[in-house]
Amino acid sequence: MDKRRDKLNKKCSNLKLNNKEIKNLEFSKSEKSIQNCYSTWGKRYYSDYYQSNKAYPPVHTEIIKELLKAENPNSLLDGGCGPASMLRDLSDLGIDLYGFDLTTEMINEAKNIFKEIKLPLNRLWQGSVLNADDFISSPDGKKNFDAAICFGVLPHILKGQEEIVFDNFINVLNSGSIFAIEARNELFSLFSLNRYSKDFFMDKLISENLYTSSEFNYEFVSKTLDNYFDSNLPPLRKGYENELGYDEVTSRLHNPFELCELAKSKGLVDLEILFYHYHALPPLFENKENKKLYREKSLDIENPRDWRGHFLASAFILKGRKV
Ligand SMILES: C[S@@+](CC[C@H](N)C(=O)[O-])C[C@H]1O[C@@H](n2cnc3c(N)ncnc32)[C@H](O)[C@@H]1O
């Protein structure tokens, strides 16, 4: 990431661009690679991640359903809705459903699904959660919502841009409405014992200042930790065809404590962190033979409000309410 920024900075200084223009360039480059990554997933995303036996069951949909049932909103906006993967499963709640997504192929598939389940197509459009105007571009003219969700998008947002995402969602929510945003849990790195653990130790827990000392320099600490964590796992995810894979584009983890602070600073109240996709044991225990049992035991301990979720769950939903 830093190397990429250096390269971009060099290019930009030749072009005499200021910092804001550099950021915008970095931004649009990142969005293009994300669109490229998702361009071939439109048709298969739902069957791969919501229906396949290979994927962990979509426990997050149930959590959202419960939240929505308790709130009973008239309208819901899903920013980064993909192929209406969540929206189609929420269509029995009697809520007016709206969604937009960055990737053309995702929105095309979402429209196919809305057509199939007889929902209005003018409640879907293409847009980015980083662009405030896209939130008020629903073809049917709707500009304010009673609830909003954002799933699978935050990992693709560059560091420091989360604030824009929160501002944009909060701006279009009516007061008293809830916002639920999903992130991959950085703290799970303390349980996973793999390359995520090493990165978390190296980049988040150990002070940068330490690496300037000769005894504990970066290479030494890195090599030593390699003896304790399997830095080759999990394998990097590649694209299906010629497009970029999930781990080849921005795909970040987030710290629930930090995200909660951000939500607080944006004035959200009734904050809750809801954990999901638990792991009964560190992932290195899972293999072809015991996959089913590992899955069953992990599903057994799913509990969005268990403190263990901070470490055992690989994802969380931050829920807050606009005052
Ligand atoms: C992991 S998929 C999740 C899809 C859906 N929300 C779900 O949970 O099933 C991520 C989606 O986010 C979209 N996306 C990525 N960056 C985005 C952005 N800046 N604005 C809107 N959508 C974005 C991608 O195109 C992709 O469809």
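**Close-up 1. Arginine 88 over tyrosine 46.** The charged end of arginine 88 sits over the ring of tyrosine 46, 3.8 Å from its centre. A charge sits over a ring if NZ of Lys or CZ of Arg is within 6 Å of the ring centre and within 35 degrees of the ring normal. The model is predicted: local features need pLDDT of at least 70, side-chain atom pairs count only at pLDDT 80 or more, and totals for chains, interfaces and linings use all residues. Residues are numbered from 1 along each chain as its sequence is written, and side-chain values use heavy atoms, with hydrogens and water left out.

**Close-up 2. Arginine 195 over tyrosine 196.** Here the charged end of arginine 195 lies over the tyrosine 196 ring, 4.9 Å from its centre.

**Close-up 3. An aromatic cluster.** Ring pairs join Tyr38, Trp41, Tyr45, Tyr46, Tyr49 and Tyr50 into a cluster. Rings of Phe, Tyr and Trp (its six-membered ring) pair if their centres lie within 6.5 Å; planes under 30 degrees apart are stacked, over 60 edge-to-face, the rest tilted. The whole structure holds 15 aromatic pairs. One of them, tryptophan 41 with tyrosine 45, is tilted: 5.7 Å centre to centre, 50 degrees between the planes. Tyrosine 45 and tyrosine 49 are also tilted, with centres 4.9 Å apart and planes at 40 degrees.

**Close-up 4. Serine 298 and its contacts.** Serine 298 is buried, at 0% relative accessible area (buried is under 20%, exposed over 50%, partly exposed in between; 1.4 Å probe, protein chains only). Leaving aside neighbours within four places in sequence, serine 298 contacts Tyr56, Tyr278, His279 and Ala280 (heavy atoms within 4.5 Å).
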